[in-house]
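User: Hi, I'm new to reading protein models. Could you walk me through this one a feature at a time?

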Amino acid sequence: MILERERTLVADYGRRLIAAGLTSGTGGNLSVYDRQAGLVAVSPSGMEYDAIRPEDVTVLNPDGTVADGQRKPSSEAPMHLLFYQARPDRSAVAHTHSPAVTALACLRLPLPAVSFLVALSGRDEIPCAPYRDFGGPELAQAAVEAADGCDAVLLANHGLVALGKDLPAAFQLAQEIEFCADIYLRCLAAGREPVLLTADEMARARKRFGTYGQGETYADHTKRDTAL
């Protein structure tokens, strides 16, 4: 089975979407782009996530034609493919229908710098694309244009698209944005606008995220700092 690893990831993270409350039913979709092979693994259309197995995940060529698989691909596959064309530095897309993000998208508002976690998107503010019918080329174009290099974009009255270097990164970004959207809506519900972080504060957050996690061992980090 070609792209077995990528297809397995899509099936696995589909179940995680449900468990994390980032979508319900058959909503949302996921994909992984193996740029070396020039093929995209994308979740199938209209299937319950618990029922999806790696062989149910469709493999597409970059032009949208089916390279392998018996299932109809997600109706939003054209949007995934257009993002990969626009962002050669990203190899995974998570499209969610999570409640807080979708509520904010229904207000057709961007997500401002209410938390330093917004900086994970690469920007100080996550934009909201105008409404377009789902599954159409117009939505794909509107989403890519509104994102304009940001790793996330809200879709008006619809949901969220999050990009990542891999699927775990795209999934994590979708989770963090949902958290931030929920916090923002709670502030608005309390009757006050939250105090937003400044551009300098967000720039520092992005810089810190560049060394966050287990990219290097603590011993190596300490050795480098001692040498300085």
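User: How many bridges join strand 2 and strand 3, and in what sense do they pair?

Analyst: Strand 2 and strand 3 (residues 58-60) are antiparallel, with three bridges. Another pair to look for is Val40 with Leu60 in strand 3.

User: Which way do strand 5 and strand 8 run, and how many bridges join them?

Analyst: They run antiparallel, joined by five bridges. One example is Val93, whose bridge partner in strand 8 is Leu163. Strand 8 also pairs with strand 7 (residues 152-155), antiparallel over four bridges. There, Leu155 is opposite Gly159 of strand 8. The hairpin of strand 7 and strand 8 has three residues between the strands, and Asn157 in that turn takes a positive phi of about 55°.

User: Are the residues of strand 8 buried or exposed?

Analyst: Six of its six residues are buried, so strand 8 is mostly covered. Strand 2 (residues 39-42) is covered on both faces: Leu39 and Ala41 are buried on one side, Val40 and Val42 on the other.

User: Why does Val42 count as buried?

Analyst: The idea is a cut-off: buried means under 20% relative accessible area. Val42 has a relative accessibility of 1%, so it counts as buried. Leaving out residues up to four places away in sequence, Val42 touches several others, including Val10, Leu30, Thr58, Leu60 and Ala77.

User: Now the helices. Which residues of helix 1 are buried?

Analyst: A handy rule first: an α-helix has 3.6 residues a turn, so residues three or four places apart point the same way. In helix 1 the buried residues are Glu6, Arg7, Leu9, Val10, Ala11, Tyr13, Gly14 and Leu17. They pack against strand 1, strand 2, strand 3, strand 4 (66-68), strand 5 (92-96) and helix 5 (167-189). Take Glu6: it is buried, with a relative accessible area of 10%. Apart from residues up to four places away in sequence, Glu6 touches Val32, Asp34 and Ala41.

User: What span should helix 1 have, and how far apart are its ends?

Analyst: At 1.5 Å a residue, the 16 residues of helix 1 (residues 4-19) should span 22 Å, and the end C-alpha atoms are 23 Å apart, which agrees. Just past helix 1, Gly21 takes a positive phi of about 75°.

User: What about pockets? Which residues lie nearest the centre of the largest pocket?

Analyst: Those are Leu120, Lys165, Ala169, Gln172 and Phe209, out of 20 lining residues. The largest pocket holds about 560 Å³ of space. Strand 8 (159-164), helix 5 and helix 6 (199-209) each give at least two residues to the lining, and helix 5 has the largest share, with five residues.

User: Last one: where is the pLDDT below 50?

Analyst: Overall, the chain averages a pLDDT of 93, and 93% of the residues score at least 70. The stretch to watch is residues 216-228, where the pLDDT is below 50 and the model has two contacts beyond near neighbours in sequence. Where pLDDT is low, the predicted coordinates should not be read in detail.

Definitions and conventions
Residues are numbered from 1 along each chain as its sequence is written. This is a predicted model: local features need pLDDT of at least 70, side-chain atom pairs count only at pLDDT 80 or more; totals for chains, interfaces and linings use all residues. Side-chain values use heavy atoms; hydrogens and water are left out. pLDDT is the predictor's confidence in each residue, from 0 to 100. Contact means heavy atoms within 4.5 Å. Buried means under 20% relative accessible area, exposed over 50%, partly exposed in between (1.4 Å probe, protein chains only). Two strands pair if DSSP finds at least two bridges between them. The expected span of a helix is 1.5 Å times one less than its number of residues. On a 1 Å grid over the protein atoms alone, a cavity is a set of points where a 1.4 Å probe fits but cannot get out, and a pocket is an open set with protein on both sides within 12 Å along at least five of seven lines; lining residues have an atom within 4 Å of a point. Grid points are joined across faces, edges and corners, and a volume is the space filled by probe spheres set on the points.
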